[in-house]
Amino acid sequence: MNTILAIEASSVACSVALLSETGVRAMHARTPRAHNRLLLPYADALLEAAGLTPADVDAVAFGHGPGSFTGLRLAAAFAQGLAWAHDRPVLGVSSLHVLARTVLEDERRDGRALPDHVLVLVDARMDELYANLYRVDEGGEPVPLGRDALCAPEKIAELVPQLGSCMVVGDGLLHEARIPWPEGLRRTLRPDALPHARWLLHLAAPRLRNGEGGAASLAAPVYLRDETRWRRLGDPVVS
């Protein structure tokens, strides 16, 4: 599996990356409400630069959320369409996990010491947060310590480590005043951090090579709110 396209649109960033025999290429920009106009041109530009066509893509990965409902729908639909047309496997990856991996790469690139943990907090509206806590392993990779959750800011204390260093990332930090932080925790705050498709690709590629990808008809966003339903390709229409 030499060619993988990755799409991440769960936030205000529109992000696409391509792994091919010539290496990794990516296009990433903070583009609120412009994902529908940019996802396809970004993908086309990356494929053209690599001398490839959509039929040359071996698998598709996408950030399945949680995050922006509109962005998740767009990413899932894009991944489904490409995979369906060419009978390719699809893999959804947690957008919170992608964000954790992105900020760790930023720290490594800038020569800073990595934290013991990364706590990802994304604003879910309605006074709630999408959240997960990651332990940073010896290789600098984020290892999830639980499932992605939807909770009130006051409940974040149940996820927070009591000691050590923790990088807290995401726009959910706008609720920081309502989070009861333990006194022994050393915190670094990154409210402006956004997930990048390059690191979605990094997380997805080994899993796809291990055969974890599924059929396009099974690809769906993860909203964490029961009232929102996604119709997958192949689902019956109920009227």
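Tutor: Start with a rule for aromatic rings: those of Phe, Tyr and Trp (its six-membered ring) pair if their centres lie within 6.5 Å, and planes under 30 degrees apart count as stacked, over 60 as edge-to-face and the rest as tilted. The model is predicted, with pLDDT of at least 70 needed for local features and 80 or more for side-chain atom pairs, while totals for chains, interfaces and linings use all residues. Residues are numbered from 1 along each chain as its sequence is written, and side-chain values use heavy atoms, leaving out hydrogens and water.

Student: How many aromatic pairs does the rule give?

Tutor: A pair of aromatic rings is described by the distance of the centres and the angle of the planes. Here the count is one aromatic pair. The ring centres of Phe69 and Tyr223 are 4.9 Å apart and the planes meet at 65°, so this pair is edge-to-face. It links distant parts of the chain, 154 residues apart: Phe69 is in helix H2 (residues 69-86) and Tyr223 in the segment after helix H4 (197-209). Helices (H or I, at least four residues) and strands (E, at least two) are DSSP runs, numbered from the N terminus.

Student: Is Tyr223 buried or exposed?

Tutor: Buried means under 20% relative accessible area, exposed over 50%, and partly exposed in between (1.4 Å probe, protein chains only). Tyr223 has 4%, so it is buried. Phe69, at 24%, counts as partly exposed.

Student: In what order do the five strands form the sheet?

Tutor: Strands of a sheet pair through backbone hydrogen bonds, either parallel or antiparallel. Two strands are taken as paired if DSSP finds at least two bridges between them. In this open sheet the order is E3-E2-E1-E4-E5, with mixed pairing. Strands E3 (23-30) and E5 (90-94) are at the edges with a single partner strand each, so one side of each has no neighbour in the sheet. From one strand to the next, the twist averages 15°. Axes are lines fitted to C-alpha atoms, for helices over the stretch in contact, and angles run from 0 to 180 degrees between N-to-C directions.

Student: Which strands does E1 pair with?

Tutor: E1 (residues 4-8) runs parallel to E4 (residues 59-65), joined by four bridges. With E2 it pairs in the antiparallel sense over five bridges, and E1 and E2 form a hairpin with four residues between them. Ala6 has Ala61 as its bridge partner in E4 and stands opposite Ala17 in E2.

Student: Which way do the side chains of E1 point?

Tutor: In a regular strand the side chains alternate between the two faces of the sheet. In E1, Ile4, Ala6 and Glu8 point one way and Leu5 and Ile7 the other way, and all are buried.

Student: Which strands does helix H3 lie across?

Tutor: Helix H3 (residues 95-109) lies across E1, E4 and E5, at about 65° to E5.

Student: How much space lies in the largest pocket?

Tutor: Rolling a probe the size of a water molecule over the atoms shows where empty space is left. On a 1 Å grid over the protein atoms alone, where a 1.4 Å probe fits, a pocket is an open set of points with protein on both sides within 12 Å along at least five of seven lines, and lining residues have an atom within 4 Å of a point. Grid points are joined across faces, edges and corners, and a volume is the space filled by probe spheres set on the points. The largest pocket holds about 610 Å³. Of its 31 lining residues, Ser10, Ser11, Val12, Ser68 and Arg125 are the closest to its centre. H2 gives the largest share of the lining, four residues.

Technical notes: Contact means heavy atoms within 4.5 Å.
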